[in-house]
Amino acid sequence: MPVIIKRTLFFMALILIWEAVFQLDFWPDSMIPSPFTVATTIYAGFADMTLVYDILASFRHLLIGLSISLVIGTLLGVLLAKVKIADETLGTMILALQSVPSIVWVPLAIIWFGFTEASIIFVVIIGGTFVMTMNMRIGIKNVAPIYLKAARTMGSKGMDLFMKVIVPASIPHAVTGVRLAWAFSWRALMAGEMLSTGPGLGYTLSYASDFNNMSLVIGIIIIIGVIGSIVDQLIFQRMENKVLKRWGMEEAA
């Protein structure tokens, strides 16, 4: 059975279970609305363009923050991989900061930047930078010694060795870092927007929660999950798989 059919049947079953729970009337509609009510709310949000503007605003925050985090993360990863003292000092701090949840940075961002888009972008940058840094570091450090020895035997050294051997050999880890940075930044974005003054999906989610609009809350959660899944599987997962196959790290289908 094709995967698409399996997934379709799975989600249809989930919707039927959801509807059954709603019909049993164990909880009020304000806590668990019906799938039809949620679908109607999502449709209304797209019809009046509210959700469209929110999605566009969220992607603007994400693209700016993720782009900056990839640049910073790549540079820091190279620094940690090539400079031992930086790896032993700065690397330890980055490893510790990587374990800090993104929402923890939100109060700091608000104090520094206020309730502005800058605070949201700051949280997104933090969300993606550290994971990109560590993956880039691992990628460079794990370059096979035989490649380096062969290149040096042929007279390659310095920047030539770095650009022609080390960088290409570390690309699989870098691509994985980009995929993880996207996922971490997407989560950080929602955390930052929930405590902002809008616009954005996270802000609308928080707004709907404040006014007990559960159908909109569930609808936005669904939208966030669907966008995350589509972007990850259609863009980053495919890109990662192609790179792994190209570098001989995964068997071609």
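The backbone oxygen of Ala96 lies 2.6 Å from a polar atom of the Ser99 side chain. This is a predicted model. The protein has 10 helices and zero strands. Its largest pocket holds about 680 Å³ of space. UniProt, in an unreviewed entry, lists five spans under "transmembrane region": 59-81, 93-114, 120-140, 161-184 and 214-236.

**Overall architecture**

- From the N terminus on, the order of elements is α-α-α-α-α-α-α-α-α-α.
- Along the principal axes, the C-alpha atoms fill a box of roughly 75 × 55 × 30 Å.
- The protein has 253 residues, and 40% of them are buried.
- Take the contacts with a separation of 6 or more: residues 24 or more positions apart account for 68% of them.

**Ser99 and its loop**

- Ser99 sits in the loop that links helix 4 (84-98) to helix 5 (105-113).
- Ser99 counts as exposed because its relative accessibility is 58%, and the cut-off for exposed is over 50%.
- The Ser99 side chain places a polar atom 2.6 Å from the backbone oxygen of Ala96.
- Val131 is 32 residues away from Ser99 along the chain, yet their C-alpha atoms are separated by 9.6 Å.

- Met49 is not a glycine, but its phi is positive, at about 70 degrees.
- Met49 belongs to the loop between helix 2 (35-47) and helix 3 (50-82).
- With a relative accessible area of 34%, Met49 is partly exposed, because that class covers values between the 20% and 50% limits.
- Asn212 also has a positive phi, of about 55 degrees, and is not a glycine.
- Asn212 is placed in the loop between helix 9 (201-210) and helix 10 (214-246).

**Arg137 and its partners**

- Arg137 is part of helix 6 (residues 117-141).
- The side chains of Arg137 and Asp87 are joined by a polar contact of 2.7 Å.
- Beyond its neighbours within four places in sequence, Arg137 is in contact with Gly77, Leu80, Ala81 and Asp87.

**The largest pocket**

- The space in the largest pocket comes to about 680 Å³.
- The lining has 18 residues, and those closest to the pocket centre are Arg7, Phe11, Gly225, Val226 and Ser229.
- Helix 1 (3-24) and helix 10 are the elements that give two or more residues to this lining.
- Helix 10 supplies the largest share of the lining, with 10 residues.
- By class, the lining splits into 11 nonpolar, five polar and two charged residues.

**Annotated transmembrane spans**

- The "transmembrane region" assignments come from the UniProt record, an unreviewed entry.
- Residues 59-81, one of the annotated spans, are 100% helix and 0% strand.
- The end C-alpha atoms of residues 59-81 lie 32 Å apart.
- Residues 120-140 form another annotated span, with 100% helix and 0% strand.
- For residues 120-140, the end C-alpha atoms are 31 Å apart.

Definitions and conventions:
Residues are numbered from 1 along each chain as its sequence is written. This is a predicted model: local features need pLDDT of at least 70, side-chain atom pairs count only at pLDDT 80 or more; totals for chains, interfaces and linings use all residues. Side-chain values use heavy atoms; hydrogens and water are left out. Helices (H or I, at least four residues) and strands (E, at least two) are DSSP runs, numbered from the N terminus. Buried means under 20% relative accessible area, exposed over 50%, partly exposed in between (1.4 Å probe, protein chains only). A polar contact is a pair of N or O atoms within 3.5 Å; within protein, one must be able to donate a hydrogen and the other to accept it, and residues adjacent in sequence count only if both atoms are side-chain atoms. On a 1 Å grid over the protein atoms alone, a cavity is a set of points where a 1.4 Å probe fits but cannot get out, and a pocket is an open set with protein on both sides within 12 Å along at least five of seven lines; lining residues have an atom within 4 Å of a point. Grid points are joined across faces, edges and corners, and a volume is the space filled by probe spheres set on the points. Ala, Val, Leu, Ile, Met, Phe, Trp, Tyr, Cys and Pro count as nonpolar, Asp, Glu, Lys and Arg as charged, and the others, Gly among them, as polar. UniProt positions are given in the numbering used here, feature names are shortened, and annotations may be inferred rather than shown by experiment. Contact means heavy atoms within 4.5 Å.
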